[in-house]
Every structure is written in C-alpha cells, then in structure tokens.
Amino acid sequence: MNDDGAALVLLSGGQDSTTCLAWALERFAHVETIAFDYGQRHRIELEQRLVVRAEIRKRFAPWAERLFDDHLVDLGVLGQLSETALTRNVAFHMEEDGLPNTFVPGRNLLFFTFAAAVAWRRGIRNLVGGMCETDFSGYPDCRDDTIKALQVALNLGMDRRFVLHTPLMWLDKAATWALARQLGGDALVDIVREHTHTCYESVRGSHQAWGYGCGTCPACALRKRGYIAWSEGRSLS
Ligand code: ZN
C-alpha cells in the first residue's frame, strides 16, 4: 500500500471509474469519491455510483475500511454551455472533424480542476481518473499529454504537488475487464457487470453478459466488444 495517504477518485458510476476506484482502494489508506452532475442524459449513472460504493463496502471488508466521503458537484452550467448528444436529446453521430457528437468540450479539464479544488480543501494529494487513450472515442481531453499538462497547471495554480493517476490510460477495454478481475476477482467483475452504468442512454435496458445498456450506442459497443474479447481470451488461456 502507498502510505502517502489519500486519494480522490472521479467516480461516474461506469465500468472505467469503478475499476479505478478498486485500483485506488488497493493502494491508498483513505479514498474519497467525486462526481459531477452536468445535466447528462445518462443521469442514472449518478444513482448507480452509489450502488457501486455500497456493493464494494458490502463485499470487500478491507476496502470498506478505506472508503470514505463522497462528493457530488453541481456542474449544471456545463450542460447549459454544451450542445452535445450527451446533454441534448439528439442522435449520436460523427462530426466532420472526426469527433463524435458526444464530446463535451472541456469536460475532463473541468472535472479534474474541480476535483483538485476539493482535494486541496481536503488535504488529498492523489487524484484518480479513468481517462484512456487506447480504446476511446477520440476525445482530446482523454489524452495522456492533456492530463500531464493539466497536472502541471493545477500544481502551479494551486501551489500543491497533486499527482493525477490514470491507471487505464494504456489499456483497451478487454484489459480493463482483466484489471477488474485481477483487483477484485469475480466479485468485482460481478459488481461491474451488474451495477455500473456505461450506456449513453439513461435506461438500464436489457441484461447482457457484459451488463445493462441499450447495446447499440458507442459506449455500449465499446464495453460489449471489450467484454467479448476478454472472455474469449480467458477461455483460450
Ligand atoms: Zn447504450
């Protein structure tokens, strides 16, 4: 365990952030979580994240002792500013610049900045987020360089030594399933499958091997493809 103490995890309630929470609970003695209400269509994730926290507490006694406060920050202004498929009821499609219309400009920059403001107040040094550059939707604020630059900016601007951890940065979705299995065995994989919400639609949808969701939106497609690749890899090994 890393005894430099405490971490604040960006927990949206999806597969990636839940895996990051487990990663942090393995390493830090004191873990808090934070999420943002920005008028997202898939608001159900904000409810599922509390279910995820409760299930982890129930099924992992050592982690329960390290899991502390949860913070929900109202970022409604972000929803007002951004005309995207994540905050408006429009169909998902690719824009001419190659970005999906689910891109909310500046979202991760704002999330980490607000998380750092909370961490500053709470005396927490480590920030953990599920950004990933390997198997992502092309969002520029998920890039490793973006996060590293932001770490420098936050440390200069707040006069702290924050460390921004992104344990999934170089993993694809199949490897993220594998990491959940490695961290918390089948119990954690069950929590990810049954209780996390990745789908862009705000419905739990029908139950599939990889969890709940519409099965067709870009987020479901990625999650499903990763689960199939991981489970086929397991059956081969
Ligand atoms: Zn979906």
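Which residues touch the most other members of the largest nonpolar core? In this predicted model, local features require pLDDT of at least 70 and side-chain atom pairs count only at pLDDT 80 or more, while totals for chains, interfaces and linings use all residues. Residues are numbered from 1 along each chain as its sequence is written, and side-chain values use heavy atoms, with hydrogens and water left out.

The residues in question are I56 and L127, within a core of 63 residues. A nonpolar core is a set of buried (under 20% relative accessible area, 1.4 Å probe, protein chains only) Ala, Val, Leu, Ile, Met, Phe, Trp, Tyr and Cys residues joined through side-chain atoms within 4.5 Å. Helix α7 (residues 173-195) gives the most to this core, with 9 residues; helices are DSSP runs of H or I, at least four residues, numbered from the N terminus. Beyond four places in sequence, the contacts (heavy atoms within 4.5 Å) of L127 include F112, F162 and H165.

Helix α7 also packs against α1 (residues 15-27): their axes, which are lines fitted to C-alpha atoms over the stretch in contact, come within 10 Å and cross at roughly 70°. The two helices α1 and α7 are therefore roughly perpendicular (65 to 115 degrees). Among the residues meeting there are W23 in α1 and W177 in α7.

The zinc ion has as protein donors (N, O and S atoms within 2.8 Å of the metal) the SG atoms of C199, C214, C217 and C220, at 2.3 to 2.4 Å. C199 is buried, with a relative accessible area of 0%, and C217 is buried at 4%.

How values were computed: Buried < 20%, exposed > 50% of the residue type's maximum accessible area, 1.4 Å probe, protein only. Donors = N, O, S within 2.8 Å, 3.2 Å for Na, K, Ca; no water. Axes fitted to C-alpha atoms, helices over the stretch in contact; angles between N-to-C directions. Parallel < 35°, antiparallel > 145°, perpendicular 65-115°, else oblique.
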